[in-house]
Amino acid sequence: MPFKEIRADGIGGNLIKRIRDQWMLIGAGTKGRANSMIGSWGLMGEMWGRDVAVCVVRPQRFTYEFMETNGTYALSFLPGEYRSVLNSFGTRSGREINKVEGGPLTPAYRQGALYYEEAELVLFCRKLYYQDFDQNLFLDKAIVDSCYGDGDFHRAYYGEILEVLVKE
Ligand SMILES: Cc1cc2nc3c(=O)[nH]c(=O)nc-3n(C[C@H](O)[C@H](O)[C@H](O)COP(=O)(O)O)c2cc1C
């Protein structure tokens, strides 16, 4: 089924549910050097007069290397039938399993970023800003204890939404 382009403010569904429950595949890199992982924490909204999507990646993720070396990334939202594949992309590293060519999904590349043909919604983003979470800045210290016991604070990437594709 072909994709069609829509405006960012035309994305359907509840964005909290999409990110938290549907999950997104955060894809970065180009053919031959790309990877993706599941993200279920993030934000979408308006920042600096632009449509922005934020995702958060811990430094030990293989995907982190691709987020760092590329200026763009893609957020692919897949239908429920791919849940078990998604789960494997969120529990196994691209250092040990294949998440691109020859893997269980069909990789594609656009705007300098990896996305998947099976997606029903894809956001292509250009990095504008990043921010490493700092334990001293958490006002609710319980978050530090519950989420960062290993000291592996996320890097948050703020990306301008360049293009949004949905399945027709
Ligand atoms: C439901 C779910 C949500 C996740 N969300 C995030 C996230 O937002 N940020 C993050 O760094 N890791 C997250 N992870 C963990 C990574 O997806 C996981 O460590 C993955 O294997 C990393 O793959 P990579 O090493 O190929 O990058 C999540 C995992 C699951 C199962």
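Me: Which residues of H2 are buried?
Reply: Thr63, Phe66 and Met67. Buried means that 20 or more other C-beta atoms, placed from the backbone, lie within 10 Å of the residue's own. Helices (H or I, at least four residues) and strands (E, at least two) are DSSP runs, numbered from the N terminus. This is a predicted model, where local features need pLDDT of at least 70, side-chain atom pairs count only at pLDDT 80 or more, and totals for chains, interfaces and linings use all residues. Residues are numbered from 1 along each chain as its sequence is written.

Me: Why are the buried residues on the same side of H2?
Reply: Because Thr63, Phe66 and Met67 cover an arc of only 105 degrees around the axis, taken from the directions from the axis to the C-beta atoms.

Me: And what covers the buried residues of H2?
Reply: Strands E2 (24–30), E3, E5, E6 (72–77) and E10 (155–167) are included.

Me: How many helices and strands does the protein have?
Reply: The protein has 4 helices and 10 strands.

Me: What box do the C-alpha atoms fill?
Reply: Roughly 45 × 40 × 30 Å along the principal axes.

How values were computed
A residue is buried if 20 or more other C-beta atoms lie within 10 Å of its own, exposed if 12 or fewer, and partly exposed in between; C-beta atoms are placed from the backbone. Two residues are in contact if their C-beta atoms, placed from the backbone, lie within 7 Å.
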